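Here is a short note for a colleague who is new to this model. Please read it beside the structure.

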Amino acid sequence: FEDESELYITMEYLSHGDLHNYLKTEAALPELDAQQIAIQICEGLSMMHENGFAHRDLKPGNILIHGKPPGQWWIKIADFGISKRTEHTIAGPSTRKGTETFMPPEWHGFGSGEDDGLPNMPQAIDMWSLGETISRMITKEATFKTPYDLFRFAEAQDMFPEQSLRAHNASADAIDLITALMKLSPEARLTASQALQHRWLHTDSPSHSREPSIASL
């Protein structure tokens, strides 16, 4: 609203902070908790992507916590500062934005991505970032410890690193979803709507009784 001299913007206050800071001070999340958060993120991404937008900087620091245990997890996706419409965009160095450790090989110029002139797929970048975010919730570790590790994966010199997930007792279904989201080829990654049908998320959990996906944005 505004008066004669000022414009006022009212924003929701979320007192629990963001997921990044939560993970800094707490233990890795139990898998059910990670699942409840992941499905809400995926719902939000699905709505964005269906309406022609990509976030382009999805990470725990941009996941705000509305509610947490002992109540239900309720999160909201935030920071749409570099989100954009996805139609008719071509990737290039001038459009490379986001947080490096949550970005896929093509963002770095590894593998058959930007350097081969392939169309930009910012929605596929979001899905890679979702996979990395889920992995961080379970392990509190980066999937690829260095850019060189990611480069080796992009050049098919290394397999996808599942060791940390297995060390944290991640289920086979969780690992399957994460690896499906973090496929080397952007075209091969699950879309948000496909991810919502994955068996790891397709369960009856308390989070499904929340408000619909608009609450995640």
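1. Start with a helix pair. H4 and H7 cross in a left-handed way; left-handed means that the near helix is turned anticlockwise from the far one by less than a right angle. Helices (H or I, at least four residues) and strands (E, at least two) are DSSP runs, numbered from the N terminus.

2. The axes of H4 (residues 122-139) and H7 (residues 172-181) come within 7 Å and cross at roughly 145 degrees. Axes are lines fitted to C-alpha atoms, for helices over the stretch in contact, and angles run from 0 to 180 degrees between N-to-C directions.

3. H4 brings Met-127, Trp-128, Leu-130, Gly-131, Ile-134, Ser-135 and Ile-138 to the contact, and H7 brings Ala-174, Leu-177, Ile-178 and Leu-181. Contact means heavy atoms within 4.5 Å.

4. This is a predicted model: local features need pLDDT of at least 70, side-chain atom pairs count only at pLDDT 80 or more, and totals for chains, interfaces and linings use all residues. Numbering runs from 1 along each chain as its sequence is written, and side-chain values use heavy atoms, without hydrogens and water.

5. Next, confidence. pLDDT is the predictor's confidence in each residue, from 0 to 100. The protein's mean is 85, and 81% of its residues reach 70 or more. H7 scores highest, at 97, and strand E4 (residues 84-85) lowest, at a mean of 57.

6. Residues 88-94 have pLDDT below 50; beyond near neighbours in sequence, this stretch has nine contacts in the model. Residues 205-214 are also below 50, with 24 such contacts. Where pLDDT is low, the predicted coordinates should not be read in detail.
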